[in-house]
Amino acid sequence: MEKPTTSPISTTKHGDVLIVLSNNPPVNALGHAVRHGLVAAIEEAEADNSVSAVVIACEGQTFFAGADVSEFGTPKAFEQPMLPQVVDRIESCTKPVVAAIHGTALGGGLEVALACHYRVAVPSAKLGTPEVKLGLLPGAGGTQRLPRVAGVRQALEMCATGNPIGAKQAFDCGLIDRLIEDELIPHAVGYAEEVRDVRPLPKSSERQYKLNECDPTVFEEFRAANAKRFRGFDAPEANVRAVKVACEKPYAEGVLEERKLFMELMSGTQAKAQQYFFFAERKAAKIDGLPEGTQPRDIKRVGVLGAGTMGGGISMNFLSAGIPVTIVEMSQEALDRGTGVMLRNYEASAAKGKLTAEQVGKAMGLLEPTLDFEALGQCDLIIEAVYENMDVKKEVFGRLDKIAKPGAILASNTSYLNVNEIAASISRPGDVVGMHFFSPANVMKLLEVVRGDKTEPDVLLTAMQIGKKIRKVPVVAGVCHGFIGNRMLMPRQVEATKLLLEGASPQQVDRVHVEFGMPMGPFQMADLAGVDIGWHRDPNRVENVRDALCAIDRWGQKKGAGFYDYDEKRRPSPSPVVQQIIEDFAEKQGVERREISDQEIVERTLYTMVNEGAKILEEGTAQRASDIDVVWVYGYGWPVYRGGPMFWADTEGLDKIVEGLKRQEERMKPEFSFSQLLLDKAGKGERFTR
Ligand code: 3H9
């Protein structure tokens, strides 16, 4: 095994305990040098007669957060020692090894801890196996050791969902041997001294009793309970199978099976997509062209204008993050209704055990509901969530201009409108930015931060940073109709509607999208959001299928009818009425109806989105292709195992996308036109993403 020139692993002796310390910022990922250093440290402990126990700990913000994902797909990942060898070497150490955990012990990090003979942790630590979120499974014995230590049910939950557990829960299930309130390393050394003479050494791989306790029906139950959540994904099922193997075969065979499943996943497209997305999400936080030294503005209080569904949801994000909110409405009734909904939402979370009553009280205690517009004058960031109309927005911004304090950031939650035009209507355009939340705003992770031509760099930076603070995934977008997400929705909607006239049914179009992995298709989405959104509200003016549906009150789920019929439990069924409306329109417009293939639906509704994404990219409306993918995964439920529309296009091959679009070009005119960037990249055999 080749020795790295400098090692992130250092060792020091405290009495007869060897402290092995990793210093590999930012998250102590288990790259080659760390793996090498860990094995060398164990060899050192074995060779030194004055050492009788070992403590493995990390410097910085966290215990090992897993394998180094940036090594995946490179020769570095295969450099000896690989992680399975490292963990085996730790477990086979003839002297007791104690893992001292703070921050997050994740993935390979938890596998290192599991290979240690004992684990101690601070109460704030989190432990998990998030590999499934990267399209993988724990590949260094984790699926075999975890059920033996924490129990099968717990291991199944952790491996297949990837969600971490807190140290307290880890202690309760036996994953942690002792919780340490303060000064982790000295106490871990104390613990090592207590256990130094205990023999035989407790090895996770040799434990059996928790496996014997396992009820074999647990696997089927778990699969059934999570079927919807895991739909389309390869990795959760592979995790379930690997944990099941632990119950069925001896450890040595189990790890071989685990390795096989790991390699299968690793070589598949889903893992590549999910690993790409891991970095895409983190890259999205970076702002291109930000002048060096730009500092964010201080946000102590946020103002929200409008207590409707959007305003209430937006407010909850800040309250949950401990930031006081002043919320303004025009009537007491609307204000009471809005704050009532917020409270009920919080209480519903508490009922599910996601929050304590105390946390609900604390969040609501930070809310100042008022009818006094001028109260917004004390806020550092004001977000308007009023009616989506340019005149209304300008009027509101004009009023804010008069009362907002100097330096306050004025944000619009508009989902389509021109932020430059709004900014130009007031005396401080540099303070204006778009903050486009997605509905339900307290749940959806995406935040499009719209950078106007005049938006000051520190305003943009503040909006991005506060977005992260309220646990959103903020993405910078430029000004255009619909920004990144809604703009790409438009060509999809246009073609989906045309396809209905040409012979497809709403259910066929929706099925193709659901089979692709989307949570729902365009017509299911229209029914859910409201077919009447953006409708002109004149039942006598019927120019298209949507107008016809709205005119007869088929506004979607809320009316029990839209593109589909709904029963009292909101279960959809195809509607003969809608079918007739479609056929009548086709006849009126002289559209010849024909059989539509699923492939045509893919080409006209999904390939067109890629084309629009490429336009967004070439105009600079998105900073990078991966930002578009982040928008679509977090804002619209694009299946993460396909990476996002731009990554998916790369996977398909851009030449194939262009070919498909060319096939459909005539039918898609006049609305459709090619993105030059797409044509160029396809011509040169290039990709959008790396
Ligand atoms: C695994 O372990 C497989 C094994 O079972 C089997 C192997 C054979 N690698 O998220 P942040 C970077 S799979 C490389 O913003 P936070 C990240 O890109 C692994 N780099 O911080 C970012 O870089 P930059 C299983 C990593 O405080 C910086 O660190 N483990 C890794 O919000 C800061 O990250 C996981 O999936 C990594 N593993 O959150 C854990 N992790 O500054 C993944 C992070 O250049 N990591 N980086 O943009 C996390 O969940 C979070 O990073 C963590 C910190 C909670 C640790």
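# Chatting through a predicted model

Me: Where is Leu18 found?
Reply: Leu18 is in strand β2, which spans residues 17–22. Keep in mind that this is a predicted model.

Me: Is Leu18 buried or exposed?
Reply: Leu18 counts as buried, because its relative accessibility is 2% and the cut-off for buried is under 20%.

Me: And what does Leu18 touch?
Reply: Leaving out residues up to four places away in sequence, its contacts include Thr11, Ala41, Glu44, Val51 and Val55.

Me: How far apart are Leu18 and Val189?
Reply: In sequence they are 171 residues apart, while in space their C-alpha atoms are 8.6 Å apart.

Me: OK, zooming out. How many helices and strands does the chain have?
Reply: There are 29 helices and 19 strands. The radius of gyration is 28 Å, close to the 26 Å that the globule rule gives for 690 residues, so the chain is as compact as a globular protein of that length.

Me: What box do the C-alpha atoms fill?
Reply: Roughly 90 × 60 × 50 Å, taken along the principal axes.

Me: What share of the residues counts as buried?
Reply: Of the 690 residues, 55% count as buried. As for contacts with a separation of 6 or more, 73% of them are between residues 24 or more positions apart.

Me: Which residues does UniProt list for the NAD binding domain?
Reply: The unreviewed UniProt entry has "3-hydroxyacyl-CoA dehydrogenase NAD binding" covering residues 302–477. That stretch is 42% helix and 21% strand, with its end C-alpha atoms 22 Å apart.

Me: And the C-terminal one, where is that?
Reply: For "3-hydroxyacyl-CoA dehydrogenase C-terminal", the unreviewed UniProt entry lists residues 482–566 and 601–683. Residues 482–566 are 52% helix and 4% strand, and their end C-alpha atoms lie 30 Å apart. Residues 601–683 are 75% helix and 0% strand, with 24 Å between the end C-alpha atoms.

Me: Let's pick a helix. Which residues of α16 are buried?
Reply: Helix α16 runs over residues 357–365, and its buried residues are Val360, Ala363 and Met364.

Me: Where do those buried residues fall, seen down the axis of α16?
Reply: They fall within an arc of 95°, so they line one face of the helix. As background, an α-helix has 3.6 residues a turn, so residues three or four places apart point the same way.

Me: What covers the buried residues of α16?
Reply: The cover includes α14 (309–320), α15 (332–351) and β12 (367–370). On the face turned away from the buried side, you'll find the exposed residues Glu358, Lys362 and Gly365.

Me: What about α4, how many of its residues are buried?
Reply: For α4 (residues 142–150), 9 of the 9 residues are buried, so this helix is largely enclosed by the rest of the structure. Among them are Arg145 and Arg148, along with Leu146 and Val149.

Me: What comes just after α4?
Reply: Gly151, which takes a positive phi of about 100°.

Me: Switching to rings. How many aromatic pairs are there?
Reply: The count comes to 18 aromatic pairs. One of them is Phe63 with Phe64, an edge-to-face pair at 4.9 Å centre to centre with 70° between the planes. Both Phe63 and Phe64 are buried.

Me: Why is the pair of Phe523 and Phe563 called tilted?
Reply: Their ring centres are 4.7 Å apart and their planes are at 55°, so the pair counts as tilted: planes under 30 degrees apart would be stacked, and over 60 edge-to-face.

Me: What does that pair tie together?
Reply: Phe523 lies in helix α22 (residues 522–529) and Phe563 in the loop between α23 (545–551) and β18 (564–566), so the pair ties together parts that are 40 residues apart in sequence. Phe523 is buried at a relative accessible area of 0%, and Phe563 is buried at 6%.

Me: Which residues form an aromatic cluster?
Reply: One cluster is formed by Phe438, Phe516, Tyr607, Trp632, Tyr636, Trp638 and Trp648. Phe516 also has Arg642 over its face, at 4.1 Å from the ring centre.

Me: And what sits over the ring of Phe278?
Reply: The charged end of Arg282, 3.8 Å from the ring centre.

How values were computed: Residues numbered from 1 in each chain as written. Predicted model: local features only at pLDDT ≥ 70, side-chain atom pairs only at ≥ 80, totals over all residues. Heavy atoms only, no water. UniProt positions renumbered as here; feature names shortened; annotations may be inferred. Helix = DSSP H or I, 4+ residues; strand = E, 2+ residues; numbered from the N terminus. Phe/Tyr/Trp six-rings, centres within 6.5 Å; stacked < 30°, edge-to-face > 60°. Buried < 20%, exposed > 50% of the residue type's maximum accessible area, 1.4 Å probe, protein only. Lys NZ or Arg CZ within 6 Å of the ring centre and 35° of its normal. Arc of directions from axis to C-beta. Contact = heavy atoms within 4.5 Å. Rg over C-alpha atoms; globule rule 2.2 N^0.38 Å.
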